[in-house]
Amino acid sequence: MFLVTGATGGLGRRIVRLLQERELTVRAFVRLMSNYAELENRGAETFIGDLSNDRDIQKAVQNVQYVISAHGGDAESANYRANIELIDRSLESGVQHFVFVSVLGVDRGYEDAPVFKAKREVEKYLQNSGLTYTILRPAGFASNLLPLAEQFRRTGTYLLIGDPQSRTSIISTDDLARIVIASVFVEGAKNQILPVGGPEVLQRQEVPQIFGRVFDREPILINPPLLAFDGIRNVVGLFNPKVRESLGTLRALLANEYFCTPAEVDRIESLFNLKLETLENFLRRYVSN
Ligand SMILES: NC(=O)c1ccc[n+]([C@@H]2O[C@H](COP(=O)([O-])OP(=O)(O)OC[C@H]3O[C@@H](n4cnc5c(N)ncnc54)[C@H](OP(=O)(O)O)[C@@H]3O)[C@@H](O)[C@H]2O)c1
């Protein structure tokens, strides 16, 4: 039995779907108010709870062999404390393998990015826990771009905040879901930290060009500088310091490069015996449906 947290998220939903397709038993951890009907309709066992509640975590890990932590949320409660609790309870109940979805660049020590800090602390805790683990550090997910692609289809515009030349290697969220599941079966993924990015290093300004090819439309790029984001963040911070803090993670994402080297891509492809798909391929599969 697999336990998947974040089962209604962009990644978690795909993980649950794949597990079901492969006829592997799965318990999807979902919140009461979330949209989990599709998961149930496909036959997944759902565990309705909240990761901010320790009792829920304790119950959810019962009779589970594999835990996949793929939830998001705030830095302190969801990203840090819920994961520490999941690790502790997994140890207690004899979980065989714990897969933690972290983030590329988590080890760069960005001071102002609370989610990055929380994830790095969880990585260290998991490594020292005694559990068999795989820590995946993905670049940005291709599925994040689907709403932007829809907007582009309608308006031809693309909003890019910050340096258009900064590099990224966006990962197909479907490939990542496969890698997450394979992590518990592939010997070489045991007790490893693996950066996971797509097969090509793109400049961020290439994303609207790809949209342009997919929709056969000339892109209109709207490109405010990072300073504009900082200005808004500072004003918001005057009224709500908490929001300012959480925008720090977004700033770290906008201000820095997140890509994998060709050697890292090769390692993933050979370890998991798959060919990673390009962003364009991912988008074409979704927008043509
Ligand atoms: N998106 C990216 O580009 C990216 C890149 C690198 C790493 N990651 C990491 O990958 C993981 C998955 O990302 P994603 O984009 O798929 O996430 P997402 O779409 O934002 O979904 C987040 C999930 O976490 C659940 N969740 C949040 N707080 C919860 C709580 N207190 N109790 C129970 N469930 C809770 C949400 O449930 P509800 O449906 O109830 O809200 C949702 O299912 C995250 O750890 C993220 O940090 C993401």
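How are helix 1 and helix 7 oriented to each other? In this predicted model, the two pack at an angle of about 60°, with their axes 9 Å apart. Angles of 65 to 115 degrees would count as roughly perpendicular and those under 35 degrees as roughly parallel, so helix 1 and helix 7 come out as oblique to each other. As for handedness, helix 1 and helix 7 make a right-handed crossing.

Residue by residue, helix 1 brings Gly 10, Leu 11, Arg 14, Ile 15, Leu 18 and Leu 19 to this contact. Across from them, helix 7 (residues 173-182) puts in Thr 173, Asp 174, Leu 176, Ala 177, Arg 178, Val 180 and Ile 181. Sorted by class, the contact of helix 1 with helix 7 holds 8 nonpolar, 2 polar and 3 charged residues.

Helix 1 turns up again around the ligand. With 3 residues, helix 1 (residues 10-21) supplies the largest share of the shell there. In total, 23 residues surround the ligand, and Gly 9, Ser 34, Leu 51, Gly 72 and Gly 73 are the closest of them. As for the make-up of that shell, 12 residues are polar, 9 are nonpolar and 2 are charged.

Helix 8 (residues 206-215) packs against helix 12 (residues 279-287) at an angle of about 40°, the axes being 10 Å apart. That angle makes helix 8 oblique to helix 12, and helix 8 passes helix 12 in a right-handed crossing. On the helix 8 side, the contact is made by Ile 210, Arg 213 and Val 214. Helix 12 answers with Leu 279, Glu 280, Leu 283, Arg 284 and Val 287. The class count for the contact of helix 8 with helix 12 is 5 nonpolar and 3 charged residues, with no polar ones.

Zooming out to the whole chain, there are 12 helices and 11 strands. The C-alpha trace spans about 55 × 45 × 40 Å along its principal axes.

Definitions and conventions:
Residues numbered from 1 in each chain as written. Predicted model: local features only at pLDDT ≥ 70, side-chain atom pairs only at ≥ 80, totals over all residues. Axes fitted to C-alpha atoms, helices over the stretch in contact; angles between N-to-C directions. Helix = DSSP H or I, 4+ residues; strand = E, 2+ residues; numbered from the N terminus. Parallel < 35°, antiparallel > 145°, perpendicular 65-115°, else oblique. Left-handed = near helix turned anticlockwise from the far one by under 90°. Contact = placed C-beta atoms within 7 Å. Nonpolar A, V, L, I, M, F, W, Y, C, P; charged D, E, K, R; others polar. Near = placed C-beta within 6 Å.
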